[in-house]
Amino acid sequence: SDHMENICGYLMKYTNLVTGWQYRYFVLNNDAGLLEYFVNEQSRHLKPRGTLQLAGAVISPSDEDSHTFTVNAASGEQYKLRATDAKERQHWVSRLQICTQHHTEAIGKNNPPLKSRSFSLASQGSANSPGVQRRPSQNAISFFSVGHHRLPTGKRVPIMQPDHLVDVREMMSQAEGQQRDLIRSIECLPTSGHLTSLDQDLLMLKATSMATMNCLNDCFHILQLQHASQQKGSLPAGTTISWLEPKISLANHFKNGAAQNFPAEINKPASVREEQSIAEPCQLTREPEEINPDEELEDICDDKEDDLGAVEEQRSVILHLLSQLKLGMDLTRVVLPTFILEKRSLLEMYADFMSHPDLFIAITNGSSAEERMIRFVEYYLTSFHEGRKGAIAKKPYKPIIGETFHCSWRMPKSNVATDAGTNSSAHSSSEQVTLPKDPEGQAEPDYYTVKFVAEQVSHHPPVSGFYAECVERNMCVNAHVWTKSKFLGMSIGVTMVGEGVLHLLEHGEEYTFSLPCAYARSILTVPWVELGGKVNINCAKTGYSASINFHTKPFYGGKLHRVTGEVKQNMTNTVVCRVQGEWNSVLEFTYSNGETKYVDLTKLSVTRKRVRPLEKQGPFESRRLWQHVTESLRDGDIDKATEHKRALEERQRNEERLRAETETPWCTKYFLKDGDGWVYYKPLWKTVSAAQTQQTDSN
């Protein structure tokens, strides 16, 4: 073809995290179907530094910018390249695609489909060198047989009927079971010797077999949806399409193949069977549940995440995981290994940000709008330290949709900062509206109660809603957070997309705020957490705002965990307070009158939250839902924890698929969609407004 020209020239090639981008001289050999590269043009007569077979390759322009593109070979090898401009990229991409198509079609013509055959994977010698030729050996272990079958020629494939789909589902279930057996067989191999669990061919087999099963499941799901849409036009209303349901139960879907051949379900722990067989959440009661704070007990769990043992032992697994990730890759759908997990859900981590309820309640006691804004900034900056459990960066459990977490705090009134001359009158005015009289005439408690509830309202994207209130002080906070995580090379970045609003009903003020980004640094050595980014706090009524910067550590020098900020009056553009220090150590507040205040976060008293015992929690409350994973992690049994975690994730995927097939929307329990955000179904501002209206009517 006239378009199949041999082209050559310099392109930038991404090598690795250390070396980065390097100029290399590339040559497209159309006759051989090869893309070769050399150190420079002068070394072109020497052996190429690298060669890619283009037959079966995929050439993809990158979304990062207009200069970058990737060449993904059928062997799994990838070149990430960058041209000098968009025009040059288009020239290379079009020529590579033409060459790839030509040689891919040539292979199809010259190699008709294989006859039915089977072969065994055998491995010998070093698994670390991709150039080593693999040869069968008498000592090699045969793992599996793969059959390639060809339909008789001349016979037309009949259109599948609904009954046939059930048969296909059962066959796929058996294939999934056999695939799991294969994975277990590979993972049970020793880590050293002739054939190891880290053998390159076996790692590739694990990845491709899992990808194949996922692809088949997606295709089968599309077929079901197509049949469902066709049937809806011809079936009367109310008819049940039974073939949408597999003949085996969801619990049996986790067996190693068919029931008669793979009776592993009987040998599973009862806790795993329970996790797999919990009913569809929307079939459970989705009515909001009023939690009685008197049923909650002071939390005695203290799971500090300072243990590096599991991370050290699983270093090879981390390396393998990192080798599969790409820079900028969204980790939302990536299943991370169990040993890097914290022993709590993300919903509970949000609750731990409220571990200084005395500072939270004291906000509304400020005598002026300026003081209330400064108090809110002080509370905001002290919340992140206790939100982390220990110095080691670990990931909390990713909540499943419908998961909830409830807790409360009791704070003695004497421990809350007040302002002389203003506090008592403020109390009386608010209590007249919100606090009903005790019918038994019991004395008013000498503590404030802060109640907290969180719910996972969406799975894709992963969005959490949380709400906290102190009825006695007429204040509440409502927030929704979408966690977006990305792979950044030697670190992982998490962006907290969303917004929170603090309502001080006594003053008619609303404070909107955002959350900083979080980073897990040094994930191959001792991982640690860093916060970064700029957040803003605004109160439209008073005109006060705060701007806070969480500074990430520079590559050379600089301090860790540094934070700076200022509070100002927008109308006059006057800075009334400046803050600097470390968000996990000491903060320094400097006021406009010249006074300075130091807050040592390591010495602040922490109020333990109160949580209902497990036996009184619902099946989708965080601690009960993840209890077996948590217990296994405490016992150091990573395999058992992984098994429980996988059961929960598989159940969620099956429930999501079933909802899509039946077009059943998800029903949230405590939060309602409000524009782009989520709002608690019975917020305090509605309750107080209704009480004020009722009081006015009675007068």
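Reader: In the hairpin of β6 and β7, which residue takes a positive phi, and how many residues lie between the strands?

Author: The model here is a predicted one. Glycine 76 takes a positive phi near 100° in that hairpin, where 5 residues lie between β6 and β7.

Reader: How do I read the pairing of β6 and β7, parallel or antiparallel?

Author: The general idea is that strands of a sheet pair through backbone hydrogen bonds, in either a parallel or an antiparallel way. In this case β6, residues 68-72, pairs with β7 in the antiparallel sense, over 5 bridges. Asparagine 72 stands opposite glutamine 78 of β7.

Reader: Which strand do 2 bridges join to β7?

Author: That is β1, residues 8-14; β1 and β7 (residues 78-82) run antiparallel.

Reader: What is the order of the strands in the open sheet?

Author: The open sheet has 7 strands with antiparallel pairing, in the order β4-β3-β2-β1-β7-β6-β5. Its edge strands are β4 (50-53) and β5 (58-61), each of which pairs on one side only. From one strand to the next, the twist averages 35°. As for the side chains, in a regular strand they alternate between the two faces of the sheet.

Reader: How many helices and strands does the protein have?

Author: There are 15 helices and 26 strands. Of the 699 residues in the protein, 45% are buried. The protein exposes about 36,500 Å², with carbon and sulfur atoms supplying 52% of that area.

Reader: What share of the contacts with a separation of 6 or more comes from residues 24 or more positions apart?

Author: Such residues account for 62% of those contacts in the protein.

Technical notes:
Residues are numbered from 1 along each chain as its sequence is written. This is a predicted model: local features need pLDDT of at least 70, side-chain atom pairs count only at pLDDT 80 or more; totals for chains, interfaces and linings use all residues. Side-chain values use heavy atoms; hydrogens and water are left out. Two strands pair if DSSP finds at least two bridges between them. Helices (H or I, at least four residues) and strands (E, at least two) are DSSP runs, numbered from the N terminus. Buried means under 20% relative accessible area, exposed over 50%, partly exposed in between (1.4 Å probe, protein chains only). Contact means heavy atoms within 4.5 Å. Accessible areas come from the Shrake-Rupley method with a 1.4 Å probe; for residues, only the protein chains shown count as cover. Axes are lines fitted to C-alpha atoms, for helices over the stretch in contact, and angles run from 0 to 180 degrees between N-to-C directions.
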